[in-house]
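Hi,

Here is the structure I promised to pass on.

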Amino acid sequence: SGAANTLELNVKETDSVGKAFTIEDQHKMAYIGTCIHNIYAVYDDKKSHDQNVQIAEDMLKANYLSGIASHAEDIINAIEQLYSYLKEHYGEYQEIYHELPILYKNDNGQIVNGEIDLVWKTANSCVVVDYKNKEHVNASNPGNKYLDQLGFYKEALTKNGEIVNDMLLFYPLQGEISILESIEKEDKRTC
């Protein structure tokens with residue numbers, strides 16, 4: 001029995017990283033969000049802007065989203081703006097991981113399984129980025145599932161010897177990121 005420390009995350013600040021854009025077909029937003037994730041999973045900053053836009057257009061059309069293919073450039077502009085932000089605030093990446101799978105058992109015995117959207121690994125630390133196409137996390141919604149999700153990601157990477165500098169939620173449609181901060185909280189559960 002006794003108290004243990006657990007990780008809790010809060011939004012530290014929200015920054016603009018580019019221009020917001022609107023996708024009119026809101027009833028397909030979950031499907032569109034998955035397609036945007038897939039576009040970002042294959043995004044290659046070594047390719048030209050036009051090449052990445054063409055890949056995005058092709059993926060949108062292949063996923064029966066021809067109606068929003070005109071937003072391919074907006075989608076690529078958003079990820080380019082995120083990369084610029086990451087370079088400016090954290091430095092050039094040494095390694096970059098898209099959709100990094102994680103599977104581990106936490107201290108409470110829970111099996112945690114997921115994929116980290118983006119890990120920006122510099123020489124000394126890494127930044128975890130999770131893409132969101134839905135509502136923002138804010139102080140009035142402190143129990144948001146996104147915060148728990150990123151907390152698990154940080155715990156998994158830390159247990160594997162990584163130093164996690166920051167955790168970000170990226171909202172490409174809004175052109176914003178939320179920077180999260182960790183605070184230790186006491187777990188009052190007893191055995």
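**Helix packing and a cavity**

Ile-36, Ile-39 and Tyr-40 in α1 meet Ile-75, Ile-76, Ala-78 and Ile-79 in α3, where a contact means heavy atoms within 4.5 Å. By class, this contact of α1 with α3 has seven nonpolar, no polar and no charged residues. (Nonpolar covers Ala, Val, Leu, Ile, Met, Phe, Trp, Tyr, Cys and Pro; charged covers Asp, Glu, Lys and Arg; the others, Gly among them, count as polar.)

Before going on, keep in mind that this is a predicted model: local features need pLDDT of at least 70 and side-chain atom pairs count only at pLDDT 80 or more, while totals for chains, interfaces and linings use all residues. Residues are numbered from 1 along each chain as its sequence is written, and side-chain values use heavy atoms, with hydrogens and water left out.

Back to that first pair. Helix α1 spans residues 29–42 and helix α3 residues 72–90, and their axes come within 11 Å and cross at roughly 55 degrees. Helices here are DSSP runs (H or I, at least four residues), numbered from the N terminus; axes are lines fitted to C-alpha atoms over the stretch in contact, with angles from 0 to 180 degrees between N-to-C directions. α1 and α3 are therefore oblique to each other (under 35 degrees is roughly parallel, over 145 roughly antiparallel, 65 to 115 roughly perpendicular, and the rest oblique).

What about α1 and α2? Their axes come within 10 Å and cross at roughly 145 degrees. Cys-35, Asn-38, Ile-39 and Val-42 of α1 make the contact with Ile-55, Ala-56, Met-59 and Leu-60 of α2. That gives seven nonpolar residues, one polar and no charged ones.

α2 and α3 pack at about 125 degrees, with axes 8 Å apart, so this pair is oblique too. On the α2 side the contact includes His-49, Asn-52 and Glu-57, and on the α3 side Glu-73, Asn-77 and Glu-80 are among the residues involved. The classes here are six nonpolar, three polar and three charged.

How many cavities of 30 Å³ or more does a search of the whole structure find? There is one, and the largest cavity holds about 30 Å³. (A cavity is a set of points on a 1 Å grid over the protein atoms alone where a 1.4 Å probe fits but cannot get out, and lining residues have an atom within 4 Å of a point; points join across faces, edges and corners, and the volume is the space filled by probe spheres set on them.) Its lining is Ile-39, Val-42, Tyr-43, Asn-52, Ile-55, Ala-56 and Ile-76. α2 (49–62) and α1 each give two or more residues to it, with α2 giving the most, three. Six of the lining residues are nonpolar, one is polar and none is charged.

Cheers

Definitions and conventions
1 Å grid on protein atoms, 1.4 Å probe; cavity = no way out; pocket = protein on both sides within 12 Å on 5 of 7 lines; lining within 4 Å.
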